[in-house]
Amino acid sequence: MYVASVYKKKKMQQATTDDILINRLRQRDEGAVALLYDKYAAALFGAIVRVVPNKAIAEEVLQDVFTKIWRNIEQYDTSKGRFYTWIVNIARNAAIDATRQKGYKRQNQDLENVVNTIDAQNSISLNPETLDVKELTNHLTSEYKILIDLVYFQGFTQAEAAEHLSMPLGTVKTRLRTAINKLKELF
Amino acid sequence: MNIKEYIESGIIELYVMNALPENEKAEVEAMARQHPDIQAEIDEIQAIMQVYSQAHAVNPSPELKDKILDKFKAETQPPTQNPKPKTQSDIEHPTSNIKKPPLSISALLGGLAALLMGSLIFHFYQQTQTLKKEKEACEQEQNTQKLKNQKEIADLGYKLDILKSPDTRVVPMLVTDKKAVSGFKATVYWNIKEKATLLTIQNLPKPSDDKQYQLWAIVNGKPVDAGVFNYSLTEVQTMKPFDNVGAFAVTLEPQGGSSKPTLENMQVLGAL
């Protein structure tokens, strides 16, 4: 498949450049922060605004995330997984923490609406390859999309997602598996 | 629970999405260390979620980048070289009063940086290629080993069938030299139906390096070569097959064996 081959090629390049990036961050090279920003700020911000729709607060969270990556880079363990998995975990946790701050007003909006408006409103300037993927992910039915959003972006636990969507605990697991399998097919 | 079921259960997805309690997280990590298939699944799902997440990227305000970079500059020591000319921070940072290097030098620096980047990229590309080749060689070696193992298992299964078969005659080989300690020294298993001949050594003396043991089948009163064998006390060795055998004998021959037995070197003999 063409998309798959592009994706694999990209993955290879990414592995190399991530290594350079991580090394430079470990060497306390400030220039690496700019690289980190160019490469991942939009993706991380995309994850953050799903939890904190208020753009000003979300930007504060993003700043916080950059500081955390810079300070904790020694804790990143290559053997445990991809660099992006690590930084998106930091972003998710920071975003959730922000909603727990005193004075934070949770916007009482239906989640599906939030996600759809975010996707529709924001200008996304990405390279064509990921735009293809975005196009593709739109083929996921909304029930799968909501489930991934809840668990991956919003940081819901299995039990919380089950309660929120009023489905049995086991169904959350199997649905998530099905959703990822569908993404596998698309990629 | 087998590995496939474990993977299919959806627990890896929850792990990658960081939605598992600590104890279950540790469990998945332990499983991944034991089973490469699980680690591979984790890697794949992490890669998929990265693409998914990047596809849902949202650009922050354009001015945020400078804001963050400035914050970093303020936090770490002020830069000693190449201060970034910025009108706003001119007032705050006296260092930026240092004369800007002429354009030609910065252009040169830019060119050098590009060159460096280029050679770095080339270097990593080469490294990736080497690793890829090494990986392929490893995989090939693994396949060869796998085939070898499969063959060995099939061979052992076949030998076991012969040994268990009621059609197999067990022929103890006894010492021919009357002066030596009596007792059987080797055993031949001959299967009449399969025409298969197997051999085990119990306590033959170890031959010198230039010598090798050879098995003979006595067919119609004449010795027929049944093959040379290794000096191994653990192996069940396959020898040449025969239709009709009166006896088996073992002689000590030069390395590679002989076409006719050296009868004075006959070690053991077993009659059927």
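What percentage of the 187 residues in chain A is buried? Buried residues, meaning those under 20% relative accessible area (1.4 Å probe, protein chains only), make up 49% of chain A. Keep in mind that this is a predicted model, where local features need pLDDT of at least 70 and side-chain atom pairs count only at pLDDT 80 or more, while totals for chains, interfaces and linings use all residues. Residues are numbered from 1 along each chain as its sequence is written, chains are lettered from A in the order in which they are written, and side-chain values use heavy atoms, with hydrogens and water left out.

**Chain A at a glance**
- Chain A has nine helices and zero strands, where helices are DSSP runs (H or I) of at least four residues and strands are runs (E) of at least two, numbered from the N terminus.
- Of the chain A contacts (heavy atoms within 4.5 Å) with a separation of 6 or more, 66% are between residues 24 or more positions apart.

**Where the chains meet**
- On the chain B side, 46 residues are in contact with 65 residues of chain A.
- About 5,400 Å² is buried between the two chains, and carbon and sulfur atoms give 62% of that; buried area is the accessible area (1.4 Å probe) that two parts lose on being put together, summed over both.
- B:Y52, B:V58 and B:F72 supply 13% of the area that chain B buries against chain A, more than any other three residues.

**Salt bridges between the chains**
- There are six salt bridges between chain B and chain A, each being a side-chain nitrogen of Lys or Arg within 4 Å of a carboxyl oxygen of Asp or Glu.
- One of them joins B:E13 and A:R177 at 2.8 Å, N to O.
- Another pairs A:K184 with B:E41, with the closest N and O atoms 2.7 Å apart, and it runs from helix α9 of chain A to helix α4 of chain B.
- A:R177, A:K184, B:E13 and B:E41 are among the residues linked in a salt-bridge network, along with B:E8 and B:E44.

**Salt bridges within a chain**
- A:E143 and A:R175 form one with N and O 3.6 Å apart, linking helix α7 (residues 142–153) to helix α9 (residues 169–186) across 32 residues.
- B:D155 and B:K159 meet at 3.1 Å, N to O; they are separated by about one helical turn because they sit four residues apart in helix α6 of chain B.

Definitions and conventions: Buried means under 20% relative accessible area, exposed over 50%, partly exposed in between (1.4 Å probe, protein chains only).
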